[in-house]
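Here is a short report on one protein. Keep the sequence and the 3D view open as you read.

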Amino acid sequence: MMTWKGTLCILLSLNVFLNLSSFCDGHPHSAQTINSGSAVRVLSNDTEKRAGVAAEVAGYADVAKQIIDLAVFGAAQNRSYRRLADFTDTIGNRVSGSNNLEMAIKYMYNAMVQDGLDVHLEPAKIPHWVRGKESAEMTAPRAKTLAILGLGSSVGTPPEGIEAEVLVVQSFEELKHRASEAAGKIVVFNQPYVSYGETVAYRGYGASEAAKVGAVATLIRSVTPFSINSPHTGWQDYQDGVKRIPTACITVEDAELMWRMAQRGQKIVVRLTMGAKTLPDADSFNTVAEIKGWQHPEQVVLLSGHLDSWDVGQGAMDDGGGAMISWEALSLIKDLGLRPRRTLRTVLWTAEEQGGVGAQQYFNLHKVNMSNFDLVMESDLGTFTPIGLQFTGSDAAQKVMEEVVKFLAAINTTKLEAHGEGTDISPWMQAGVPGASLHVADSRYFWFHHSEGDTMSVQDPQDMDLCSALWAVVAYVVADLQEMLPR
């Protein structure tokens, strides 16, 4: 592989050759000569700059190794897993507006203070939806109890419930074609799972689409590729000007059962009872912990996960793991006695599940200092075996990050992939701040997502160690470089 110095020598030789040629032609100041020289200077400057960045980043090899060794093999081994288990076993699930979420914030505040970090709380107003008692039963063509989970922001049924005939469809398009059949019925969506990003539209908008054609309620096939009779909840959005009807998720098995019955021409009747209601917005907090930068404390590398969850399971995977590795990254750096040039800031968001509510309020408060945000990072797709880092930023910033992830060869995660993602950091990335997210082996993520299955049994301590190491290495090196990432 040619070194940057070798490249520079060739470019300089080319420049000399072009200048000599122009003199021989009798045109020492031709445009060709000037343009060629300028091009060579630009190329050589870019090459030098790239080489300089690579050399600077390479200087962190020993520190990166120390972080990885501490997280994966040293005294911090299994620590993020133990912290997560203690937290989730103590608090349980933590839905927006609940007493459990309030207790979770207090728990994490105290834990991070005891860890020796600089911790504070930043107020936020968040939605407060309460599930209440709920049940569903198929009464025809035979009696069968249906496992359901009401969807976030759903209205409830009348106290006596709703009993109605069912119309089963597999798509919004089919609903439109059969609109004349929907009035007064409970619409069951048996949409096939394509991907979370595509299929979640049925959870989000199914109720309003059904209400437009006169349905009295909707039951949505859970958005998951795998089911053991497990319903999966989540937030749904009513459209303005459309009647609000009760909506809940049912299992894949029950959705397919009713589809088969409908294909046989059987009349299906379901009785649905939901005590769901929305209360006034609640007071909450984003939880913030820092290691202040020694040279540029006003400049920030932000790590994050969200502290809230749905009101089922333990919220261990979504997103207790992401919250814990974002705390653990600071602990690893603190334990090694490191202090970067810029501030490392961990934010544990509130009310992410309701659409990034806490994060949006944080953004609104801090966007005045946007130029001081160096990199924003979010982990919200599980803390399984890490595969790489997803990144959104300029070409120049990407070149820096390509050098940084080389340190992760020891844990086999040197991939730098396109498109950082995350509900909570998306406002920053849309505004041009570089963003990164953790890419893990997440094929099982949507098996457990928003269900009773999201418990500590999903988590693996070694995987969490690897995720913590990746998170800490990337955050520390970027925070300690001479320059912020280029925009």
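## Aromatic pairs

Rings of Phe, Tyr and Trp (its six-membered ring) pair if their centres lie within 6.5 Å. In this predicted model, ring pairs link Trp349, Tyr362, Phe363, Phe373 and Trp428 into a cluster. By the pairing rule the count comes to 15 aromatic pairs.

Phe172 belongs to helix H6 (residues 172-177) and Phe189 to strand E6, so the pair ties together parts that are 17 residues apart in sequence. Phe189 is buried, at a relative accessible area of 0%. A ring also meets a charge: the charged end of Arg83 sits over the ring of Trp327, 3.7 Å from its centre.

## Overall make-up

The protein has 14 helices and 16 strands. Its C-alpha trace spans about 95 × 60 × 40 Å along the principal axes. Of the 487 residues, 55% count as buried. Take the contacts between residues at least 6 apart in sequence: 82% of them join residues at least 24 apart.

## The sheet from E3 to E4

Eight strands make up an open sheet with mixed pairing. Their order is E3-E2-E9-E5-E6-E7-E8-E4. Strand E3 (144-146) and strand E4 (148-150) stand at the edges, each with a single partner strand, so one side of each has no neighbour in the sheet. From one strand to the next, the twist averages 30°.

Now the pairings. E2 and E3 form a hairpin with three residues between them. They run antiparallel and are joined by three bridges. Met138 has Lys144 in E3 as its bridge partner. E2 also pairs with E9, in the antiparallel sense, over six bridges. There, the partner of Ser135 is Thr273 in E9. Strand E7 (residues 217-221) and strand E8 (residues 247-250) run parallel, with four bridges between them. The bridge partner of Arg221 in E8 is Ile250.

Helix H7 (residues 196-212) lies across strand E6 (186-189), E7 and E8. H7 runs at about 155° to E7.

## The sheet from E1 to E15

Another open sheet of eight strands has the order E1-E10-E12-E11-E13-E16-E14-E15. Its pairing is mixed. Strand E1 (118-130) and strand E15 (415-418) stand at the edges with a single partner strand each, so one side of each is left without a neighbour in the sheet. The twist averages 25° from one strand to the next.

E14 and strand E16 (residues 435-440) run antiparallel, joined by six bridges. Leu389 has Leu438 in E16 as its bridge partner. Helix H9 (residues 316-335) packs on the sheet, touching strand E10 (277-291), strand E11 (296-306), strand E12 (342-349) and E16. The direction of H9 makes about 145° with that of E11. H11 packs on the sheet too, touching strand E13 (373-378), E14 and E15. The direction of H11 makes about 160° with that of E14.

Which residues of helix H11 (residues 395-404) are buried? They are Ala397, Val400, Met401, Glu403 and Val404. These cover an arc of only 155° around the axis, which puts them on the same side of H11. An α-helix has 3.6 residues a turn, so residues three or four places apart point the same way.

Leu389 is found in strand E14 (residues 386-392). Is Leu389 buried or exposed? Leu389 has 0% relative accessibility, and buried means under 20%, so Leu389 counts as buried. Beyond its neighbours within four places in sequence, Leu389 contacts a set of residues that includes Met401, Val405, Lys415, Leu416, Ala436, Leu470 and Trp471. Leu389 and Val405 are 16 residues apart in sequence, and 7.8 Å apart in space from C-alpha to C-alpha.

How values were computed. Residues numbered from 1 in each chain as written. Predicted model: local features only at pLDDT ≥ 70, side-chain atom pairs only at ≥ 80, totals over all residues. Heavy atoms only, no water. Pairing = 2+ DSSP bridges. Helix = DSSP H or I, 4+ residues; strand = E, 2+ residues; numbered from the N terminus. Axes fitted to C-alpha atoms, helices over the stretch in contact; angles between N-to-C directions. Contact = heavy atoms within 4.5 Å. Phe/Tyr/Trp six-rings, centres within 6.5 Å; stacked < 30°, edge-to-face > 60°. Buried < 20%, exposed > 50% of the residue type's maximum accessible area, 1.4 Å probe, protein only. Lys NZ or Arg CZ within 6 Å of the ring centre and 35° of its normal. Arc of directions from axis to C-beta.
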